[in-house]
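Morning, everyone. Please have a look at the structure on the screen.

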Amino acid sequence: EAPIIEHIWQIQTYMWACEQDSFNLGVNTDPEEGYIMYISKAMDTPPIKVFTVKKDRHILKQIINKLKDYKNGVDRKKPPPYHPICEENSFNNYMAKSCPVKEQCLKFNV
């Protein structure tokens, strides 16, 4: 029906990052529109679904704020406070377990 929200955030980040790119990728990119493609493994459904994703300034603002928080944390050697979902579940929920910076967060927030 629609792309997964994490994938929307991912493509928004890619579109924004391509705009920031100071070197030449060798291909033209469109910072205003991206695509998410799902390829089905099942034989009883259409094999490919493609969704167009337009740049969303609201999502980009959240992404950029998260990147700034992360950079400030790295620069100060102290990341922002734990996310409430992580702390409430003692880092035992899916979000915390799959977080790419979980170890750094735990290390600096002792």
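One term to begin with: buried means under 20% relative accessible area, exposed means over 50%, and partly exposed is in between, using a 1.4 Å probe and protein chains only. By that scale E32 is partly exposed, with a relative accessible area of 39%.

Now the ground rules. This is a predicted model, where local features need pLDDT of at least 70, side-chain atom pairs count only at pLDDT 80 or more, and totals for chains, interfaces and linings use all residues. Residues are numbered from 1 along each chain as its sequence is written, and side-chain values use heavy atoms, with hydrogens and water left out.

Back to E32. Which residue forms a salt bridge with E32? K55 does, with the closest N and O atoms 3.2 Å apart. A salt bridge here is a side-chain nitrogen of Lys or Arg within 4 Å of a carboxyl oxygen of Asp or Glu. K55 sits in the loop between β2 and α2, and E32 in the loop between α1 and β1, so the pair ties together parts 23 residues apart in sequence. Helices (H or I, at least four residues) and strands (E, at least two) are DSSP runs, numbered from the N terminus. K55 is buried, at 14% relative accessible area. E19 joins in too: E19, E32 and K55 are linked in a network of salt bridges.

The structure holds 4 salt bridges. Another one pairs E33 with K54, the closest N and O atoms being 2.4 Å apart. That pair links strand β1, with E33, to strand β2, with K54, 21 residues apart. K54 is exposed, at 53% relative accessibility. Then D75 pairs with K71, at 2.7 Å between the closest N and O atoms. Those two are 4 residues apart in helix α2, so about one helical turn separates them.

Next, the aromatics. A search of the whole structure finds 1 aromatic pair. Rings of Phe, Tyr and Trp (its six-membered ring) pair if their centres lie within 6.5 Å; planes under 30 degrees apart count as stacked, over 60 as edge-to-face and the rest as tilted. Y38 and F51 are edge-to-face, 5.9 Å centre to centre, with 70 degrees between the planes. Y38 is in strand β1 (residues 33-39) and F51 in strand β2 (residues 48-54), 13 residues apart. F51 is buried at 15%, while Y38 is partly exposed at 23%.

That's my tour. Over to you.
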